[in-house]
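This briefing is for a reader new to the structure shown below. Please look through the sequence and the model before reading the points that follow.

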Amino acid sequence: MRAAVLHETGQDKLEVLDDIEAVGFGPGKVRLRLRATGLCHSDLSAMAGVLPQPAPFVPGHEGAGEILDVGDGVTGLSAGDRVLVCWLPACGGCPACQRGQTELCLTGFMNAGTPNFRRPGGSPEDVFGMSGTGTFAEEIVLAAPCAVPIPDDVPYDIAALIGCGVTTGLGAVFNTARVEAGSSVAVIGCGGVGISVIQGARASGAAQIVAVDPVESRREAALRFGATEAVTPDGLDTAKNSVTSGEGFDYVFEVVGRSATARRAYEITRRGGTLCVVGAGALDDFLQLNMFELFFDEKRILPSLYGGGDVLRSYRRTIDLWRAGRIDLEGLITHRVRLGEINDAIGQMRTGEALRTCIEM
């Protein structure tokens, strides 16, 4: 089958190969035929080594398709079911799951260390899947909890987005920050996840939503999706003064994953306000705060992993909001490519041209 492979961490491009096999099928597993997958910035971060991931590997963690086969012991799923890929499934039994913090379950991360592809005759033969998945492939073998059934009216491309970026952005608003109606919000970084934050803030009733991004097309998109103002990073102080009379925003979302932007986000958060860190950053990138400001300003710093809540509940909420016309998911997909054109899509994401690219299988 075909799959896009990164041979070594740090390479800029993927190689689309025809001799990859999905491996590991057996008890507790499902075999899935991918129909659509989204290109997320986390894929690029893993390729660059910002996010830890063994190589060689098949990137992609935002996908949807249909089940081809189920292994022994799998219940609630059968061949032909339409599903989306959950890259961080909850085991239900660990301390985090028992506390209701299923997004902190480490079971899914353990899968990342086990190869789920193979290239016969290759060197090495074993190929990993990003975050234990690897959706830039025609077929994939997953643990059954990674396959979440979707209703018949949800297209594969929309379901793929719900599997990561949309859930991450909306969940940061609804679950983590819990934005209040009438509040002021700033969103730094307006790619696919940032636009989802904007849509969540609008659905929550935020009165002012300021989008911050250096790319003009992304600022224009932010206005279409609900931002009340869109500025470059250089215009952020002016926006803070005009929108909040210089006090700072009630909620600031950092959706870039860098200490410099997180520090900037902290500075424009009002005293007693909330900074929500959504972007995935590097292990060696440190955010510096002094102990006096941390104490005196009483700003809440809330990291948000995968939307900061029960992802299954978040999926259902997202589908309900989409059906009701409260959020626009179709509009997030600005580009569509086939798997053989994956490197074109990567280039479009790096330049900021694309919000979300759907790779159609």
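**Cysteines**

The sulfur of C146 lies 6.2 Å from the closest cysteine sulfur, that of C86, which is too far for a bond. The model is a predicted one, and a search of the whole structure turns up zero disulfides.

- C86 takes part in no disulfide, and its nearest cysteine sulfur belongs to C146, 6.2 Å away.
- A disulfide needs two cysteine sulfur atoms within 2.5 Å, so the 6.2 Å between the sulfurs of C146 and C86 rules out a bond.
- C86 has a relative accessible area of 2% and is therefore buried.
- C146 is buried as well, with a relative accessible area of 2%.

**Aromatic pairs**

- The count of aromatic pairs comes to two.
- One of them joins W87 and Y306, whose rings are stacked at 4.7 Å centre to centre with 25° between the planes.
- This pair links distant parts of the chain, 219 residues apart: W87 is in the loop between β7 (82–85) and α2 (95–98), and Y306 is in the loop between β17 and α11.
- W87 counts as buried because its relative accessibility is 11%.
- Y306 also counts as buried, at 2% relative accessibility.
- F292 and F296 form a stacked pair too, with 5.1 Å from centre to centre and 15° between the planes.
- Both F292 and F296 belong to helix α10 (residues 291–297), where they are four residues apart, about one turn of the helix.
- F292 is exposed, with a relative accessible area of 54%, while F296 is partly exposed, with 42%.
- The cut-off for exposed is over 50% relative accessible area, which is why F292, at 54%, is called exposed and F296, at 42%, is called partly exposed.

**Charges over rings**

- R82 places its charged end over the ring of Y156, 4.6 Å from the ring's centre.
- K299 lies over the face of Y266, and the distance to the ring centre is 4.4 Å.

**Nonpolar surface patch**

- L104, L106, F109, M110 and L305 make a nonpolar surface patch of about 470 Å².
- L305, one of these residues, is found in the loop between β17 (300–303) and α11 (311–323).
- L305 counts as partly exposed because its relative accessibility is 34%.
- The loop between β17 and α11 that holds L305 also holds Y306 of the pair with W87.

Conventions: Residues are numbered from 1 along each chain as its sequence is written. This is a predicted model: local features need pLDDT of at least 70, side-chain atom pairs count only at pLDDT 80 or more; totals for chains, interfaces and linings use all residues. Side-chain values use heavy atoms; hydrogens and water are left out. Patches are made of residues with over 30% relative accessible area and no salt bridge: like charges are joined within 9 Å, nonpolar side chains (Val, Leu, Ile, Met, Phe, Trp, Tyr) within 5 Å. Accessible areas come from the Shrake-Rupley method with a 1.4 Å probe; for residues, only the protein chains shown count as cover. A salt bridge is a side-chain nitrogen of Lys or Arg within 4 Å of a carboxyl oxygen of Asp or Glu. Helices (H or I, at least four residues) and strands (E, at least two) are DSSP runs, numbered from the N terminus. Buried means under 20% relative accessible area, exposed over 50%, partly exposed in between (1.4 Å probe, protein chains only). Rings of Phe, Tyr and Trp (its six-membered ring) pair if their centres lie within 6.5 Å; planes under 30 degrees apart count as stacked, over 60 as edge-to-face and the rest as tilted. A charge sits over a ring if NZ of Lys or CZ of Arg is within 6 Å of the ring centre and within 35 degrees of the ring normal.
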